[in-house]
Amino acid sequence: MTQREIDVFNGDADGICALHQLRLDAPGDSLLITGPKRDISLLKRVKAQAGDRITVLDIALSKNRDALDALLAAGAQIRYFDHHQPGEIPVHPHFEPHIDTDANVCTSLLVNQALQGRQLIWAVTAAFGDNLADSARQAAAPLGLSDDQLVQLQSLGECLNYNGYGESLDDLFYDPAELYLQLRPYADPFAFIAESPAYQILKTGYHDDMARAVAVNATDARASGRVFMLPAEKWARRISGVFGNQLAVESPTQAHAVLSAKPDGGYVVSVRAPLANKAGADTLCSQFDTGGGRKGAAGINHLPEAELGRFIATFFDIYR
């Protein structure tokens, strides 16, 4: 049987731009496996055989370990780029890890290192989308971009990231695989910004949803952090993560939690550590079933209503 290329990637800006860098550098067709940003148990969807080459981008190894072990046992070759807490990293002759949990690093910056800067501008775009503006500007220095160009890349990164949030694909403007395919012909992000209808649709949606979010007052506001609760509506599920990013930028010494009510009960949770001290978000969310993430930003896919009080108490215990 023919050996295949399989690309498994998070449906946010970081996952899409990481894959875009790799495929600009080494073009080729592959099987694409992705989903909404919070759908991170993606490796279990891969059916592989000996010799298949699998690239995994921006999904936590700890949430995919059993599937990873099974794919390695089947003879697949796997390279893995990620910045989330990995748990124990396997040692295997067919496993190539590129994993760094530093709070100022994203997956696309790790891919950029591996490519020695050959597609740097897309790593900068992803870092902006992942709310790592300082890292993005620092990485962009060799490109000699103007302030206006950096603003454009930040907007593109934020829009790509915004599209990834939602309870299901039905909440999103674009299936992340489709959005990647729209991006794929463009080596120049400024051409994509100028020519792509997708960018304009996402930009309009982003601003409309954000206008609704900023009208919501905090349900609990203290010196150390704020908690916001959004209704069980599509716009709220789409904006939850990027709203958390904006709150973190506006008030960098505070932690933030954004809870979006789910139609069938419970909440989807996005947590942002203070930008002045990017720590604790993963520790907080990992104390709850379906929770995880990284030091500066983490989330919980389903927080039962019965756990709401414990979550808020734990939030303010970690962020005093």
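Reply: Start with Phe288, Phe311, Phe315, Phe316 and Tyr319, whose ring pairs link them into a cluster. Two rings of Phe, Tyr or Trp (its six-membered ring) pair if their centres lie within 6.5 Å, and the structure holds 10 aromatic pairs. Keep in mind that this is a predicted model, where local features need pLDDT of at least 70, side-chain atom pairs count only at pLDDT 80 or more, and totals for chains, interfaces and linings use all residues. Residues are numbered from 1 along each chain as its sequence is written, and side-chain values use heavy atoms, leaving out hydrogens and water.

Now look at Phe316 again: the charged end of Arg222 sits over its ring, 3.7 Å from the centre. (For Arg, that takes CZ within 6 Å of the ring centre and within 35 degrees of the ring normal.)

Next, the nonpolar cores: buried Ala, Val, Leu, Ile, Met, Phe, Trp, Tyr and Cys joined through side-chain atoms within 4.5 Å, where buried means under 20% relative accessible area (1.4 Å probe, protein chains only). The largest has 58 residues, and Leu57, Val124, Ile239 and Phe243 touch the most other members. Skip the neighbours within four places in sequence, and Phe243 is in contact with Met210, Ala213, Val214, Phe228, Leu230 and Val258; contact means heavy atoms within 4.5 Å. Apart from that core lies another one, of 22 residues, including Val271, Ala281, Ala298 and Phe315.

Definitions and conventions. Rings of Phe, Tyr and Trp (its six-membered ring) pair if their centres lie within 6.5 Å; planes under 30 degrees apart count as stacked, over 60 as edge-to-face and the rest as tilted. Buried means under 20% relative accessible area, exposed over 50%, partly exposed in between (1.4 Å probe, protein chains only).
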